[in-house]
Amino acid sequence: MTDFDPVELKRIRWHSRRGLLELDLVLERFLAQRFDSLSPAEMSAYKNLLELPDNDFLDLVNGKMDLDDPEIMHIVEILRAI
């Protein structure tokens with residue numbers, strides 16, 4: 001479980017709603033299957049990932065690009081596997 005309070009978790013879930021349907025579909029599955037089991041470090045990496053523009057985020061999930069940050073890429077790998 002995470003160290004984030006319930007209000008913060010709701011904010012993160014809300015921020016997970018994106019403008020691209022393809023990305024929303026992946027994130028909905030992620031939220032349903034893996035979100036609640038993220039460690040505090042994974043949750044922080046996921047929050048950083050949410051700061052990316054939608055198109056960059058989708059390119060990461062689709063494998064069209066990678067980042068140098070191994071913590072964020074760990075979350076991306078989870079998203080790619082869903």
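Biologist: Which side chains meet in a salt bridge at 2.6 Å, N to O?
Modeller: In this predicted model, the side chains of Asp54 and Arg18 meet in a salt bridge, with 2.6 Å from N to O. Asp54 lies in helix H4 and Arg18 in the loop between H1 and H2, so the pair ties together parts that are 36 residues apart in sequence.

Biologist: Is Arg18 buried or exposed?
Modeller: Arg18 counts as buried, because its relative accessibility is 13% and the cut-off for buried is under 20%. Asp54, with a relative accessible area of 23%, is partly exposed.

Biologist: What else does Arg18 touch?
Modeller: Leaving out residues up to four places away in sequence, Arg18 touches Leu23, Asp24, Leu27, Leu50, Leu52, Pro53, Asp54 and Phe57.

Biologist: Phe57 is in H4, then; which residues of H4 are buried?
Modeller: The buried residues of H4 are Phe57, Leu58, Leu60 and Val61, and they cover an arc of only 155° around the axis, which puts them on the same side of H4. These buried residues pack against H2, H3 and H5, and just after H4 the chain reaches Gly63, which takes a positive phi of about 80°.

Biologist: Back to charges: how many salt bridges does a search of the whole structure find?
Modeller: The search finds six, and two of them involve Glu8, which pairs with Arg11 at 3.6 Å between the closest N and O atoms and with Lys47 at 2.9 Å. Glu8 lies in helix H1 and Lys47 in helix H3, so that pair ties together parts that are 39 residues apart in sequence.

Biologist: And how far apart in helix H1 are Glu8 and Arg11?
Modeller: Glu8 and Arg11 are three residues apart in helix H1, and are therefore separated by about one helical turn. Glu8 counts as buried at 16% relative accessibility, whereas Arg11 counts as exposed at 53% and Lys47 as partly exposed at 29%. Salt bridges that share partners join Glu8, Arg11 and Lys47 into one network.

Biologist: What about the rest of H1, which residues are buried there?
Modeller: In H1, which spans residues 6-15, the buried residues are Glu8, Leu9 and Ile12; seen down the axis, they fall within an arc of 100°, so they line one face of the helix. That set packs against helix H3, while Pro6, Lys10, Arg11 and Trp14 are exposed on the other side of H1. At the start of H1, a side-chain oxygen of Asp5 reaches to within 2.9 Å of the backbone nitrogen of Val7.

Biologist: New topic: which residues have the most contacts inside the largest nonpolar core?
Modeller: That core has 24 residues, and those with the most contacts inside it are Phe30, Phe35, Tyr46, Leu49, Phe57, Ile75 and Leu79. H1, H2, H3, H4 and H5 each supply at least two residues, with H5 giving the most, namely six.

Biologist: Take Phe35; what does it touch?
Modeller: Phe35 touches Leu9, Ile12, Arg13, Phe30, Met43 and Tyr46, again not counting residues up to four places away in sequence.

Biologist: Last one: what is the mean pLDDT of the chain?
Modeller: The mean pLDDT is 93, and 96% of the residues reach 70 or more.

Terms used
Residues are numbered from 1 along each chain as its sequence is written. Side-chain values use heavy atoms; hydrogens and water are left out. Buried means under 20% relative accessible area, exposed over 50%, partly exposed in between (1.4 Å probe, protein chains only). Helices (H or I, at least four residues) and strands (E, at least two) are DSSP runs, numbered from the N terminus. The arc is that of the directions from the helix axis to the C-beta atoms. Contact means heavy atoms within 4.5 Å. A polar contact is a pair of N or O atoms within 3.5 Å; within protein, one must be able to donate a hydrogen and the other to accept it, and residues adjacent in sequence count only if both atoms are side-chain atoms. A nonpolar core is a set of buried Ala, Val, Leu, Ile, Met, Phe, Trp, Tyr and Cys residues joined through side-chain atoms within 4.5 Å. pLDDT is the predictor's confidence in each residue, from 0 to 100. A salt bridge is a side-chain nitrogen of Lys or Arg within 4 Å of a carboxyl oxygen of Asp or Glu.
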